[in-house]
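Trainee: Could we go through this model together, term by term? I'd like to hear what stands behind each word we use.

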Amino acid sequence: MPLYQMFCIASHLREYKHIKDLVTMSATHVMNEGGVVRNIQFNGTQTLPERMRRHKQYYTVGDYWTMHFDTSPRTLRTLAGMMRRDHRVIRWTMLKLGEKAEDVVTSPEQTVERHLPTSPSKTSTHWSL
């Protein structure tokens with residue numbers, strides 16, 4: 001299954017119950033369809049870069065969050081449909097990070113072993129003038 005990252009901007013309300021429900025709904029949908037949610041991160045409440053319109057309302061502030069997950073392309077399409085219909089969502093986008101985990105994870109650099117020359121000991125050094 002491919003690895004995806006979803007960025008989402010949700011409408012901001014005083015209580016965070018609505019964003020908790022939105023994140024729970026998204027993660028549950030992915031897991032119920034056989035996918036794996038790897039990480040969910042809340043990036044805070046921020047002023048939007050410009051006034052945005054969604055579902056006949058204007059927004060100036062939004063709650064930013066991201067979710068990393070593995071799922072099938074079919075589940076990705078149904079999740080996009082859910083985001084499109086949900087009135088709490090202002091903007092979202094999904095990025096494909098890789099086809100397999102090996103595509104995303106970078107291998108550590110190989111350690112090169114270097115032998116530094118040892119300094120001569122003081123007893124074996126002979127100074128001559």
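Trainee: What makes the largest nonpolar core a core, and which residues have the most contacts inside it?

Mentor: A nonpolar core is a set of buried Ala, Val, Leu, Ile, Met, Phe, Trp, Tyr and Cys residues joined through side-chain atoms within 4.5 Å. Buried means under 20% relative accessible area, exposed over 50%, and partly exposed in between, with a 1.4 Å probe and protein chains only. The largest such set here has 18 residues, and Met6, Trp65, Met67, Phe69 and Leu79 have the most contacts inside it. Two or more residues each come from strand 1 (3–11), helix 1 (17–32), strand 3 (57–70), helix 2 (73–85) and strand 4 (89–98). Helix 1 gives the largest share, 5 residues. Apart from this core lies another, of 6 residues, including Leu48, Met52, Tyr59 and Ile90.

Mentor: Please keep in mind that this is a predicted model, where local features need pLDDT of at least 70, side-chain atom pairs count only at pLDDT 80 or more, and totals for chains, interfaces and linings use all residues. Residues are numbered from 1 along each chain as its sequence is written, and side-chain values use heavy atoms, with hydrogens and water left out.

Trainee: Which residues is methionine 67 in contact with, leaving aside its neighbours within four places in sequence?

Mentor: Contact means heavy atoms within 4.5 Å. By that rule methionine 67 touches Tyr4, Gln5, Met6, Ser26, Ala27, Val30, Val37, Asn39, Ile40 and Leu79.

Trainee: Why is strand 3 called largely enclosed by the rest of the structure?

Mentor: Of its 14 residues, 10 are buried, so strand 3 is largely enclosed by the rest of the structure. For the chain, buried residues make up 34% of the 129 residues.

Trainee: How do you know that strand 3 pairs with strand 2?

Mentor: Two strands pair if DSSP finds at least two bridges between them. Strand 2 (residues 36–54) and strand 3 share 13 bridges in the antiparallel sense, and thus count as a pair. Arginine 53 stands opposite tyrosine 58 in strand 3. The two strands form a hairpin with 2 residues between them, and histidine 55 in the turn has a positive phi of about 55°.

Trainee: How many bridges join strand 1 to strand 3?

Mentor: There are 9, and these strands run antiparallel. Cysteine 8 has tryptophan 65 in strand 3 as its bridge partner.

Trainee: And what counts as a helix or a strand?

Mentor: Helices (H or I, at least four residues) and strands (E, at least two) are DSSP runs, numbered from the N terminus. By that definition the chain has 3 helices and 4 strands, in the order β-α-β-β-α-β-α from the N terminus on.
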